[in-house]
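The following note comments on a single structure, point by point. Please read it beside the sequence and the model.

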Amino acid sequence: MAEARIRRGGTARLSSAKGRATNGGRGRTLKRQSGLDRLVEMLPVSEATLQRMASWAIVGIFGAIVIAIAIFMGLPGMARQQAADIAARAGFEVDKVEVRGVERMDELSVYNIALGQVDRSMLSLDLSRVRSEMLKLGWVKDARISRRLPDTLVVDIVERDPVAVWQHGGQLHLIDVSGVVLQSVSASAMPDLPLVVGPNANRQTAGLNRLMENAPALKPMLAGATWVGNRRWDLRFQSGETLSLPEGDKDSAGALVNFARMDGVNRLLGRGIVKFDMRDPDRFVLRLPQGQVEEKPMDDATKDGAAKDVAAATPGEEG
């Protein structure tokens, strides 16, 4: 009996010691913190707020995945098309076109582009595409396209200004100052504009205009010009004469100014001379109707004048 009691007591004492050791161990475990716990405690938000933020982040990620799948399957495009179809059936479809700013060009080409779109719904009509097609028309320098609900497309056109007629390859074309071809013209309906002749002469029209600005008195008398050898101009005046200018912007401008000065003093134009040749800066050459040629140094020509009373003749052309 005593031995049994001793065992029970010993067992009880051992259990008590073990319990104290275990409790002590538990206390030390509760005091121990990880680096993540310390980081969370440093944040200026509560634990509940962090949990809500984490929940919303999960929802956002899930939503982004759903949207990406929808885009991949083309659902937004289908939805837009469906909305456009509904709007068109409700009357929001291009039925009228209002064109502004057109004075010279044919409006029919503008209407054909505006009303020729495959999708004419006011909601889904691609205005930038319509504008780009308008800009392909020769007369159109700029265009602005806008909607006016429920069914009208407004087109504001900025036209190019014709400055010359270009003759090339047996055809005549109206061109603007930058050489853009506006439309074809017939010889019987020639407008009152200078005629430029030769390959690439249309691209030199801006340079020709700058050249003529050096001699404002001669500009109204200009009937046309030939771009010779892709390097220089032969000017043709309304009185029938031709003036051959040298190459280069500076040299040709100087020669034209000199000729305008001589014409102002001695009236060279309108006196029957066929051609004035100023390609050589040291000589002023006059071609007479019967094939005679008279040469004078430029200084003498400037002082005395080179024109003579001779019969008019058709001017020839030289390179």
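Are Trp227 and Trp233 buried or exposed? The answer is given in point 2, after the basis of the model.

1. Basis of the model. This is a predicted model, in which local features need pLDDT of at least 70 and side-chain atom pairs count only at pLDDT 80 or more, while totals for chains, interfaces and linings use all residues. Residues are numbered from 1 along each chain as its sequence is written, and side-chain values use heavy atoms, with hydrogens and water left out.

2. Aromatic residues. Trp227 and Trp233 are both buried (under 20% relative accessible area, with exposed over 50% and partly exposed in between, for a 1.4 Å probe and protein chains only). A search of the whole structure gives four aromatic pairs. In the pair of Trp227 and Trp233, the ring centres are 4.9 Å apart and the planes stand at 55°, so this pair is tilted. Rings of Phe, Tyr and Trp (its six-membered ring) pair if their centres lie within 6.5 Å; planes under 30 degrees apart are stacked, over 60 edge-to-face, and the rest tilted. Phe237, Phe259, Phe276 and Phe284 are linked into a cluster by ring pairs.

3. Overall composition. The protein has nine helices and 13 strands (DSSP runs numbered from the N terminus, helices being H or I of at least four residues and strands E of at least two). Of its 319 residues, 32% are buried. Among contacts between residues at least 6 apart in sequence, 49% join residues at least 24 apart; contact means heavy atoms within 4.5 Å.

4. Helices 5 and 6. Helix 5 (residues 108–115) packs against helix 6 (residues 127–134) at an angle of about 150°, and their axes are 10 Å apart. The axes are lines fitted to C-alpha atoms, for helices over the stretch in contact, and angles run from 0 to 180 degrees between N-to-C directions. On the helix 5 side, Val110, Ile113 and Ala114 meet Val130, Glu133 and Met134 of helix 6. By class, this contact has five nonpolar, no polar and one charged residues. Here Ala, Val, Leu, Ile, Met, Phe, Trp, Tyr, Cys and Pro count as nonpolar, Asp, Glu, Lys and Arg as charged, and the others, Gly among them, as polar.

5. Asn202. This residue is placed in the loop between strand 7 (195–197) and helix 7 (205–212). Asn202 counts as buried because its relative accessibility is 7%. Neighbours within four places in sequence aside, Asn202 is in contact with Trp166, Ile175, Ser178 and Gly179. Its C-alpha atom is separated by 9.5 Å from that of Leu174, 28 residues apart along the chain.

6. Backbone points to check. Most residues other than glycine have a negative phi, and most peptide bonds are trans. The peptide bond from Leu149 to Pro150 is cis, with omega near 10°; Pro150 is in the loop between strand 2 (140–148) and strand 3 (152–159). Asn230 has a positive phi, near 55°, in the loop between strand 8 (222–228) and strand 9 (232–237), and counts as partly exposed at 48% relative accessibility. Arg267 also has a positive phi, near 50°. Arg267 lies in the loop between helix 8 (249–266) and strand 11 (275–277) and, at 56% relative accessibility, counts as exposed.
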